[in-house]
Amino acid sequence: MRNSACLFFLVLVAFFVFNDSPVVAQQTGTGTPLQADSLLQARADSLKKPQFLVLDTLSYRFFGDGSFTQGNVNRSLMVLRAEVTVGGPVISIATNPRFSYGRQNNVVAERDTYVDLFIDVFKKRKTYLFGLGTIEISNLRGIDLRQLVGAGVGY
């Protein structure tokens, strides 16, 4: 076995010594400029165009709470709320909807819905535009539908 390993090593050395063609790694010609990978280059017609209305951030929180009491007055109350904000470099939109439902002695006392929407345009500048709107429905206060819409300039 040792003899065959020695023979294999000698044949390998003879192959490299008496071989006419040099064994080298692949080389590019010196006169040829290197070409970049076509997958990494962007074509001139595929460049991104600037977009006016970009919404790049989203933050949200959801809440739910309630209370249940029993005794002389049996009362249950459930409140669901949310805070959602979507923003970008030009415009930001925020809303805080709320829904509450309550019963007192098995009679519906509260079934209130409140939704608001705030829109700010160019908020990062010294002078900016804003708009707002609210909708409210309240069984407790006897409001069938209350709406408010407004717009203005902020400084």
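# Salt bridges and paired strands

Glu83 is partly exposed, with a relative accessible area of 29%; in this text, buried stands for under 20% relative accessible area, exposed for over 50%, and partly exposed for values in between, computed with a 1.4 Å probe on protein chains only. The structure is a predicted model, in which local features need a pLDDT of at least 70 and side-chain atom pairs count only at pLDDT 80 or more, whereas totals for chains, interfaces and linings use all residues. Residues are numbered from 1 along each chain as its sequence is written, and side-chain values use heavy atoms, with hydrogens and water left out.

Confidence comes before the details. The pLDDT is the predictor's confidence in each residue, on a scale from 0 to 100, and the protein chain averages 80, with 66% of the residues scoring at least 70. Among the elements of the chain, strand β2 (residues 75-87) has the highest mean pLDDT, 94, while helix α1 (residues 2-18) has the lowest, 60. Helices and strands here are DSSP runs numbered from the N terminus, a helix being H or I over at least four residues and a strand being E over at least two.

To return to Glu83, what does this residue form with Arg61? The two residues form a salt bridge, and their closest N and O atoms are 2.9 Å apart. Because Glu83 lies in strand β2 and Arg61 in strand β1 (residues 57-69), the pair ties together parts that are 22 residues apart in sequence. A salt bridge is taken to be a side-chain nitrogen of Lys or Arg within 4 Å of a carboxyl oxygen of Asp or Glu, and the structure holds five of them. Side chains of opposite charge can pair when their charged atoms come close.

Another salt bridge links Arg141 with Asp112, where the closest N and O atoms are 3.9 Å apart. Since Arg141 sits in the loop between β6 and β7 and Asp112 in strand β5, this pair ties together parts that are 29 residues apart in sequence. Through salt bridges that share partners, Asp112, Glu136, Arg141 and Arg146 are joined into one network.

The strands that carry some of these residues are paired with one another, two strands being counted as a pair if DSSP finds at least two bridges between them. Strands β2 and β4 (98-104) run antiparallel over seven bridges, and Leu80 stands opposite Phe99 in β4. Seven bridges also join β4 to β5 (107-121), again in the antiparallel sense, with Val108 in β5 as the bridge partner of Arg103. Further along, β5 pairs with strand β6 (residues 128-138) over 10 antiparallel bridges, and Phe118 has Leu132 in β6 as its bridge partner. Strand β6 in turn pairs antiparallel with strand β7 (residues 143-154) over 10 bridges, where the bridge partner of Ile135 is Gln147 in β7.

Most residues other than glycine have a negative phi, and most peptide bonds are trans. The hairpin of β5 and β6 has six residues between its strands, and Phe122 in the turn has a positive phi of about 60 degrees. In the hairpin of β6 and β7, four residues separate the strands, and Gly142 in the turn has a positive phi of about 75 degrees.
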